[in-house]
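Open the model in your viewer and keep the sequence panel beside it.

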Amino acid sequence: MRRREFIGLMGGAAAAWPRAAIAQQPERVRRIGFLVNLTEDDPEAKARLAAFRQGLETAGWTDARNIRIDYRFAGGKADRVRDYVAELVASAPDVIVAHSSQVASQLKLATSTIPIVLVAVNDPVGQGLVASLARPGGNITGFTFVDFEMIGKCLELLKDMAPGVIRAGLMFHPDLAPYFHVYLREIGAIPARLAVEVTATPVRSASEIEAVIARLGPQGGLIVAPDPFTVVNRETIMQSVERHRLPAIYTLRQDVVEGALMSYGPDTSDIFRRAAAYVDRILKGARPDELPVQAPTKFELVINLKTAKTLGLEVPSTLSARADEVIE
């Protein structure tokens with residue numbers, strides 16, 4: 001080989017090396033912060049996060065390969081929410097997923113630059129989290145959970161299940177879910193055929209649950225609104241309801257699986273799966289203010305026949321026919 005040919009060959013190879021090295025560089029790992037306002041061992045939390053990861057994998061994102069998800073579990077405790085919000089914001093991830101209104105409110109105060117995807121957050125406009133559902137503005141978008149119409153639907157279902165109910169309490173933690181007071185006002189005139197008086201029954205600690213339920217008395221019923229407190233303390237609520245033989249309706253299917261009488265509410269796994277699609281779009285360059293806040297699209301009615309029998313209730317055939325799932 002002539003010297004000139006050898007030099008030309010070596011020069012061409014050297015020029016190709018940088019391109020080859022660039023092609024072989026691993027894809028940058030994107031970082032997602034996820035603040036969950038439930039406990040880590042809660043079956044409901046596990047199901048929601050499994051759906052979220054499934055949604056990401058469908059979009060081509062796999063934890064520990066091209067993304068890293070940093071989870072924090074606050075369990076409905078305000079001090080943990082504040083601490084974890086500070087941690088996640090300081091770590092500067094590519095996007096943060098905010099579960100619950102309490103978490104979302106703290107994140108809004110903490111950052112105006114990191115994209116935030118709300119998941120299962122109520123009344124984001126009323127709470128000042130976004131400017132509007134269609135045009136959220138700023139760095140926040142996501143998915144809502146419960147609206148006032150659903151509370152009215154729960155009341156109707158409770159009355160169908162237990163016609164003898166003449167008064168119903170709406171249980172929630174007023175500091176974690178202040179919007180339920182608003183929802184009660186917005187329900188407006190309850191249909192005359194229901195003949196049920198609905199009042200707020202706020203609880204701030206597990207020790208208050210028993211007294212609140214006891215005050216509902218005979219012919220009373222309970223609507224357990226979904227917030228981090230009622231979800232974390234659902235076992236205590238169920239035990240108290242059982243002692244007082246009180247018909248109650250919850251929001252989550254998991255409640256009925258664990259022994260509650262009935263539930264009606266959004267399919268939480270579907271919401272978390274859809275939230276993953278928004279995270280995917282943001283990681284690929286979309287801005288939160290380009291993505292409208294969306295409401296739930298799938299709802300489920302679940303009934304526990306064993307619990308109904310224990311309470312001396314006969315499930316109407318029309319109600320069981322409407323149920324998405326009947327647990328024997």
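**Before you start.** This is a predicted model: local features need pLDDT of at least 70, side-chain atom pairs count only at pLDDT 80 or more, and totals for chains, interfaces and linings use all residues. Residues are numbered from 1 along each chain as its sequence is written, and side-chain values use heavy atoms, with hydrogens and water left out.

**Stop 1: confidence.** Colour by pLDDT, the predictor's confidence in each residue, from 0 to 100. The protein chain averages 89. Select helix α1 (residues 3-24): its mean pLDDT, 46, is the lowest among the elements. Strand β1 (residues 30-36) has the highest, 98. Helices (H or I, at least four residues) and strands (E, at least two) are DSSP runs, numbered from the N terminus. Now select residues 13-24, where pLDDT stays under 50 and the model has zero contacts beyond four places in sequence. Contact means heavy atoms within 4.5 Å.

**Stop 2: the cores.** A nonpolar core is a set of buried Ala, Val, Leu, Ile, Met, Phe, Trp, Tyr and Cys residues joined through side-chain atoms within 4.5 Å. Buried means under 20% relative accessible area, exposed over 50%, partly exposed in between (1.4 Å probe, protein chains only). The largest core has 66 residues. Ile32, Phe34 and Val279 are among those touching the most other members. Helix α11 (residues 268-283) gives the largest share, eight residues. Apart from this core lies another, of 20 residues, including Ile209 and Val241.

**Stop 3: helix α9.** Select residues 234-243. Arg234, Ile237, Met238, Ser240 and Val241 are buried. They sit on the same side of α9, because they cover an arc of only 165° around the axis; the arc is that of the directions from the helix axis to the C-beta atoms. The face turned away carries exposed Glu235, Glu242 and Arg243.

**Stop 4: salt bridges.** A salt bridge is a side-chain nitrogen of Lys or Arg within 4 Å of a carboxyl oxygen of Asp or Glu. The whole structure has 17. Pick Asp94 and Arg30, whose closest N and O atoms are 3.5 Å apart. Asp94 lies in the loop between α3 (78-91) and β3 (95-99) and Arg30 in strand β1, so the pair ties together parts 64 residues apart in sequence. Next, pick Arg253 and Glu325, at 2.6 Å, N to O. Last, Lys284 meets Asp280 at 3.0 Å, N to O. Lys284 is exposed at 57% relative accessibility, whereas Asp280 is buried at 11%.
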